[in-house]
Amino acid sequence: MFTTLANTIFKESIDTYHIKDNVDQEFKNPYDKQTIEHLLYRKNWIDTVQWHYEDIIRNPNIDPEAALVLKRKIDASNQDRTDLVEYIDSYFLSKYQDVEVRENASINTESPAWAIDRLSILALKIYHMQEEVDRIDASKAHIEACSNKLTVLREQRRDLSTAIDQLLDDIAVGKKYMKVYKQMKMYNDDELNPVLRGQKG
C-alpha cells in the first residue's frame, strides 16, 4: 500500500529533524531525486520546519523584526509546500497516464497529493501529541486528555490512509480519474497582490 511507504518516510523525516530540533539545520534528503520517496521526504521536512516556525512566531515576546523575517520564511515555506504537492501529483499523473478511464468514472474532491499533504500533517500531530503524553512534568489530567487525542489522531491516520489507498486503487483501474489544478496563490504575485502591485513602479 502506498500509504505504508508514505507514513514510514514521514516518520523518518520527523525523527531525523528532531535529533537537532533546529529550524536552521541543513537539509539532507537520503533518497534519490528521481523517486517518489525523495518527494515524500522533502514534503514532510518542509511541513516539519514550518510546524516549528509557527511555534516560534507565536511567542508573545518575539522581536517584531524577527517576527517579520520569520513571516517571510513561512510564506516561502507555504509556496514550497504547494510546489511539492504539485510534484507529487505529477508523479501520479505520469504513473496512471495510460489507464483507460471508465465511462462512469468519477472525480475525487481532492487530488491524491493533497490528501497525502494531510497525511504528512497528521504524522506531525501524532509525533507532538505523543510528546505531550510522555511529559513527566505534566498533570495526570493533561496526560489523559492528550492520550485521548492521540487515540483519535491515530484513528484519523488509519482512516485517511485507507481512503488514499482506495483512491489510488480506483484511479489505477479507471474508476476514478485525476484532474489537477495548479494552485493559484495570489499573495506572492506582484500582479495579483494589490500591495505588491502598488510597489511596482
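Guide: A salt bridge here is a side-chain nitrogen of Lys or Arg within 4 Å of a carboxyl oxygen of Asp or Glu. Please keep in mind that this is a predicted model.

Visitor: OK, how many salt bridges does that rule give?
Guide: Under that rule the count comes to 11 salt bridges.

Visitor: Take K11 and D15, what is the N to O distance there?
Guide: The side chains of K11 and D15 form a salt bridge with 2.7 Å from N to O, and both residues belong to helix α1 (residues 2-20), where they sit 4 residues apart, about one turn of the helix.

Visitor: And is K11 buried or exposed?
Guide: K11 counts as exposed because its relative accessibility is 52%, where the cut-off for exposed is over 50%.

Visitor: Which residue does R81 pair with?
Guide: R81 forms a salt bridge with D117, and their closest N and O atoms are 2.7 Å apart. This pair links distant parts of the chain, since R81 lies in helix α3 and D117 in helix α4, 36 residues apart.

Visitor: Is D117 buried or exposed, then?
Guide: D117 counts as buried, at 4% relative accessibility.

Visitor: What about E110, where does its salt bridge go?
Guide: E110 forms a salt bridge with R118, the closest N and O atoms being 2.5 Å apart. Which residues are joined into one network by shared partners is a separate matter: those are K43, D47, R81 and D117.

Visitor: And how accessible are E110 and R118?
Guide: E110 counts as partly exposed at 23% relative accessibility, and R118 likewise counts as partly exposed, at 41%.

Visitor: Switching to packing, at what angle do α3 and α4 cross?
Guide: The axes of helix α3 (residues 64-95) and helix α4 (residues 112-133) cross at roughly 130° and come within 8 Å of each other. That angle makes α3 oblique to α4, and the crossing is right-handed.

Visitor: Which residues meet there?
Guide: From α3 there are R81, T82, V85, I88, D89 and F92, and these meet P112, A113, W114, I116 and D117 of α4. By type, the residues of this contact divide into 7 nonpolar, 1 polar and 3 charged.

Notes
Residues numbered from 1 in each chain as written. Predicted model: local features only at pLDDT ≥ 70, side-chain atom pairs only at ≥ 80, totals over all residues. Heavy atoms only, no water. Axes fitted to C-alpha atoms, helices over the stretch in contact; angles between N-to-C directions. Helix = DSSP H or I, 4+ residues; strand = E, 2+ residues; numbered from the N terminus. Parallel < 35°, antiparallel > 145°, perpendicular 65-115°, else oblique. Left-handed = near helix turned anticlockwise from the far one by under 90°. Contact = heavy atoms within 4.5 Å. Nonpolar A, V, L, I, M, F, W, Y, C, P; charged D, E, K, R; others polar. Buried < 20%, exposed > 50% of the residue type's maximum accessible area, 1.4 Å probe, protein only.
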